[in-house]
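Subject: Two-chain model, structure and notes

Hello,

Here is the structure I said I would pass on.

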There are 2 protein chains.
Amino acid sequence: MSTLLDTCAHGLMETTPKIMQSIRMEMRLGHGSDLSIPQFRTLRFIQRSPDSSLSDLADHLGLTLPSVSKLVDGLVKQAFVSRQESSTDRRRLTLVLTKTGETIINSARASALAHLARTLGSLSNEDLKTIHQALELLNPLFISHGRQKLAKV
Amino acid sequence: MSTLLDTCAHGLMETTPKIMQSIRMEMRLGHGSDLSIPQFRTLRFIQRSPDSSLSDLADHLGLTLPSVSKLVDGLVKQAFVSRQESSTDRRRLTLVLTKTGETIINSARASALAHLARTLGSLSNEDLKTIHQALELLNPLFISHGRQKLAKV
DNA sequence: TATTGTTATACTCTATAACTATA
DNA sequence: TATAGTTATAGAGTATAACAATA
């Protein structure tokens, strides 16, 4: 009967996709070169965790290695990222942001944040405090669970 | 300088994709037949708004007609949905859930909700109240803006 | 002419399976 | 043998452009 719990679950299922769609749209329209959400997250991850390997990225995104390999393919093709050899382990590679990649991610991020801020702009400070608290509560509950490996059917 | 606003925008950008990924994963693993998020939303929309047209659905999802046509193709192929002719306007079609579709959407929904409830399960009632309030605030701000029509480059 | 929907084409996202190279 | 990554293949998601049928 836990009604409040159910209500929150419903709310998340209704609202989360709408927020994602808004972010996605801004990512396409908001600035020159359009990034998908995974591409954006990839650039952000490399920016924040330099010298990561493909496996590190796969763990962060919760995707399989082939998926991430292809994802990076696209970013390399656009010259946002380069693959460098690891010196210690010749199987591994090191992901590096190019100058262009750095520019793109900063601009996309700024544009997305500005758009979100505009969207939240009508709220009072108290409302914002509530949202902030809620995000602080939710964030640790939804952790990336490493690479996907789906059960066989 | 509006720091709280920025903090909320950052929080949304960090947390929203993680929640989506969790929902998406449950949608694939949680029950027999796996649905993508758009498929899930489509079935839900038809369930709640019977006799809708493809354009109605496109508006609801914020996608273009060709995208939605293809999306529905997949659901028809799986026999979750059927396309029926509209009696009043022979250009329009009417989307109808099949018996199977009804079963699938109910099961997927229950499973996703249960998973979310489990994830939120460790929170106190007060925390849940905060989240509930936040969702009530956020939900109306992120409305579907009708079909996409991207600017020409 | 405007609207509803489909088809053609072309990306990205994502997975599994099979492979190569290194440890 | 186990791990890092790629390639092959396949289906879904998404768009634009071009089209058919109806209003």
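The notes below go from the pairing of the chains to single residues.

This is a predicted model, in which local features need pLDDT of at least 70 and side-chain atom pairs count only at pLDDT 80 or more, while totals for chains, interfaces and linings use all residues. Residues are numbered from 1 along each chain as its sequence is written, chains are lettered from A and ligands numbered from 1 in the order in which they are written, and side-chain values use heavy atoms, with hydrogens and water left out.

**Symmetry and interface**

Chain A is superposed on chain B by a rotation of 180 degrees with 0.0 Å of shift along the axis, at an RMSD of 0.0 Å (least squares on the C-alpha atoms of residues with pLDDT of at least 70 in both copies). The two copies are therefore related as by a two-fold rotation axis. Of the interface residues of chain A, 100% are also interface residues in chain B, so the copies meet through the same surface.

In contacts (heavy atoms within 4.5 Å), 55 residues of chain A meet 55 residues of chain B. The two chains bury about 5,700 Å² between them, 78% of it on carbon and sulfur atoms; buried area is the accessible area (1.4 Å probe) lost by two parts on being put together, summed over both. Leu4(A), Met13(A) and Phe142(A) supply 13% of the area that chain A buries against chain B, more than any other three residues.

Between the chains there are 14 residue pairs in polar contact, both residues at pLDDT 80 or more. A polar contact is a pair of N or O atoms within 3.5 Å; within protein, one must be able to donate a hydrogen and the other to accept it, and residues adjacent in sequence count only if both atoms are side-chain atoms. On the side of chain A that touches chain B, two or more residues come from each of α1 (3-29), α2 (37-48), α5 (99-120) and α6 (125-138), and α1(A) gives the largest share, 22 residues. Helices (H or I, at least four residues) and strands (E, at least two) are DSSP runs, numbered from the N terminus.

Gln21(B) is in helix α1 of chain B and counts as buried at 12% relative accessibility. The cut-offs are under 20% relative accessible area for buried, over 50% for exposed, and partly exposed in between (1.4 Å probe, protein chains only). A polar atom of the Gln21(B) side chain lies 3.3 Å from the backbone oxygen of Gly62(A).

Arg109(B), in helix α5 of chain B, is also buried, at 18%. Its side chain makes a polar contact of 3.0 Å with the side chain of His10(A).

**Salt bridges**

The whole structure has six salt bridges over all chains (a side-chain nitrogen of Lys or Arg within 4 Å of a carboxyl oxygen of Asp or Glu). Across the interface of chain A and chain B there are zero.

Within chain B, Arg83(B) and Asp73(B) are paired at 2.3 Å, N to O. This pair links strand β1 to helix α4, ten residues apart. Arg83(B) is partly exposed at 35%, as is Asp73(B) at 31%. Arg28(B) bridges to Asp34(B) at 3.4 Å, and Arg91(B) to Asp89(B) at 3.0 Å; Arg91(B) is exposed at 77%.

Regards
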